[in-house]
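Colleague: Can you walk me through this one? I'd like to go over the side-chain contacts.

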Amino acid sequence: MDTNFKHLTLENEVEEIVLLSTGLEDTEKIGDAIGKSVTKEDVILLSGNLGAGKTELVRSIVIGAGNKDFVRSPTFVFINEYKGKIDITHCDFYRIENNEILNETGIEEYYDNSLVLMEWPERINNNLPKDNLIIKILFNENENERIIKFFTSGNKSKKLFERIIINYETNNS
């Protein structure tokens, strides 16, 4: 685990809620609620150290959105696309080393046409839309537990967050 990892921080982010995942099943429930709440123009930024569970959360979001594609980390190709009821663009920018490579991905083209799930947004801070749902995943003392913090950065992400909470509470009451 990289102890020097710094989570993405946007100047306009507002912390909304902190959830505790005690294992994969909890993370899947959270992802399912997110997947049931998204639209094709939402952007979700997933910030967390290596092995924190970002890709596992993405898998659950994709399934919750009604897509049956197999989700794999796009670490080496940067972007995977999943076609379904909602088209989903899954990005992993862990290996982005400079803006030239980033520009070749054309990430901005996806913001208005699909749900964008972005791992390692810290690497491309200058190319992010202004209004995003930010999910920060932190390790906890118990190795199977994760602290999952939700942040919004505008009206659109705030509305998405509200839909997520309604779906999460409805499915877990």
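Modeller: We can start with Glu81, which is partly exposed at a relative accessible area of 44%. For that term, buried is under 20% relative accessible area, exposed is over 50% and partly exposed lies in between, with a 1.4 Å probe and protein chains only. This is a predicted model: local features need pLDDT of at least 70, side-chain atom pairs count only at pLDDT 80 or more, and totals for chains, interfaces and linings use all residues. Residues are numbered from 1 along each chain as its sequence is written, and side-chain values use heavy atoms, with hydrogens and water left out.

Colleague: Which residue forms a salt bridge with Glu81, and how far apart are the closest N and O atoms?

Modeller: Lys83 does, with the closest N and O atoms 3.7 Å apart. The rule asks for a side-chain nitrogen of Lys or Arg within 4 Å of a carboxyl oxygen of Asp or Glu. Salt bridges with shared partners put Glu81, Lys83 and Asp87 into one network.

Colleague: Is Lys83 buried or exposed?

Modeller: Lys83 counts as exposed, at 53% relative accessibility.

Colleague: And what is the bridge partner of Glu81 in strand 4?

Modeller: Thr89 is the bridge partner there. Strand 3 (residues 79–82) and strand 4 (residues 88–92) run antiparallel and are joined by four bridges. Two strands pair if DSSP finds at least two bridges between them. Helices (H or I, at least four residues) and strands (E, at least two) are DSSP runs, numbered from the N terminus.

Colleague: What does Glu25 form a salt bridge with?

Modeller: With Lys29, the closest N and O atoms being 3.7 Å apart. Here the residues are four apart in helix 1 (residues 24–35), again about one helical turn. Glu25 is exposed at 54% relative accessibility, whereas Lys29 is partly exposed at 34%.

Colleague: New topic. How many aromatic pairs does a search of the whole structure find?

Modeller: Two. Rings of Phe, Tyr and Trp (its six-membered ring) pair if their centres lie within 6.5 Å; planes under 30 degrees apart count as stacked, over 60 as edge-to-face and the rest as tilted. Tyr94 and Trp120 form a tilted pair, 4.7 Å centre to centre with 55 degrees between the planes. Tyr94 is in the loop between strand 4 and helix 3 (99–105) and Trp120 in the loop between strand 5 (115–119) and strand 6 (133–139), so the pair ties together parts 26 residues apart in sequence.

Colleague: Is Trp120 buried or exposed?

Modeller: Trp120 is buried, with a relative accessible area of 6%. Tyr94 is partly exposed at 30%.

Colleague: And how far apart are the ring centres of Phe150 and Phe161?

Modeller: They are 6.0 Å apart, with planes at 50 degrees, so that pair is tilted. Phe150 lies in strand 7 (residues 146–152) and Phe161 in helix 4 (residues 155–171). Phe150 and Phe161 are both buried.
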